[in-house]
Amino acid sequence: MTAKELAKLLNLSEAAISMALNNKPGVSTSTRQRVLDAAKQNGYDFSRLKESPEPKTELGLLTLLIYRKHGAVISDTPFFSQLTEGIEKGCRHAHYSLSIHYLHEDGNVKKQLAKLPYSSGILLLATEMKLADFEPFRSLTVPLVVLDTWYESLRYDSILINNFQGAYQAANFLIRKTMSQAGYLRSSYHIGNFAERADGFYKAIRENGMSASRCHVLNLTPSMEGAYQDMLELLKNGEKPARAYFADNDLIAAGAIKALKEQGYHIPDDVALIGFDDMPLCTYIEPALTTVHVPKQYMGQLAVDRLLQIIKGSDHHPVKIEIGTRIIQRRSV
């Protein structure tokens, strides 16, 4: 007999049957006994009942530090919100609490670190950080995993995107689709990620028998509005666009598309563009933006997993983990 059949037999709701069988509050003692007696008499399978697991208590606190240098790259965009969602999900799964703090270069970073609550380990979003910016972190005594940046001279674990691979894939894709040399919409703010993307882009150019020096390169602000204004000014001043462009991120590509369309260019017939990051805006703009997909939530979860391995392990050897990318083809190419 099932719980549903018991409910019909006793003229009770299935919820009442469930509460009685699982010894939950909400039904009277007499009703509970009546249900149990009927269940036994009618051969109810009591093996269906499972003990409710006790809620697990938090095992500790992890800290996410977001380092803001100039704020031109790290902002309240879906890229960083999705990365944070992945970190939060990883913490919940491991039963750790998460504390999020911003560090600002214009303040005393060492003092900001000293004021942080004690935690078992730290995740550092270091997208905008240069090598010298890591100096205040050398005195930390808790495990540290760096996100989105890597330097050869630092002995920290690092989880980051394979920027070189993504830009290499993008340039090859553009060249194959347009049968022309790809241009480059490069960020006017220089960070490690963009430098790696430049290396991947130029490697693809050279491997296709083209001259890197002949690439049409435009430096644009790495935000949608900034890139739009920069591109619009260039076009109004007589800049003739290349047949195709790889952009350092989706925001640059989207801003450039808006300016090009305003000046009468058709996308992708006159100019094809591909971005990087696969942000939600890629499907909102017209035409939808072809881009390099980055698994942002997975990156956050992986960072938590690695930090917990360090916390729980006794033998630590720093690793660099690069997450692969892939092309998402839409209508801008």
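These notes cover the nonpolar cores, the paired strands and the cysteines of a predicted model.

1. Basis. Local features need pLDDT of at least 70 and side-chain atom pairs count only at pLDDT 80 or more, while totals for chains, interfaces and linings use all residues. Numbering starts from 1 along each chain as its sequence is written, and side-chain values use heavy atoms, with hydrogens and water left out.

2. Main core. The largest nonpolar core holds 73 residues. Such a core is a set of buried Ala, Val, Leu, Ile, Met, Phe, Trp, Tyr and Cys residues joined through side-chain atoms within 4.5 Å. Buried means under 20% relative accessible area (1.4 Å probe, protein chains only). Helix α9 (residues 250–262) gives the largest share, eight residues. Helices are DSSP runs of H or I, at least four residues; strands are runs of E, at least two; both are numbered from the N terminus.

3. Leu 123. Leu 123 is among the residues with the most contacts inside the main core. Leu 123 touches (heavy atoms within 4.5 Å) residues including Ile 87, Val 145, Leu 147 and Leu 307, not counting residues up to four places away in sequence.

4. Second core. A separate core of 18 residues includes Tyr 67, Ile 122, Phe 134 and Leu 144.

5. Strand β4 (residues 144–147). Leu 144 and Val 146 point one way, Val 145 and Leu 147 the other; all are buried. Strands pair if DSSP finds at least two bridges between them. β3 (residues 121–125) joins β4 in parallel through four bridges.

6. Cysteines. The disulfide count is zero, taking sulfur atoms within 2.5 Å as the rule. Cys 215 counts as buried at 10% relative accessibility, and Cys 282 at 0%.

Notes:
Buried means under 20% relative accessible area, exposed over 50%, partly exposed in between (1.4 Å probe, protein chains only).
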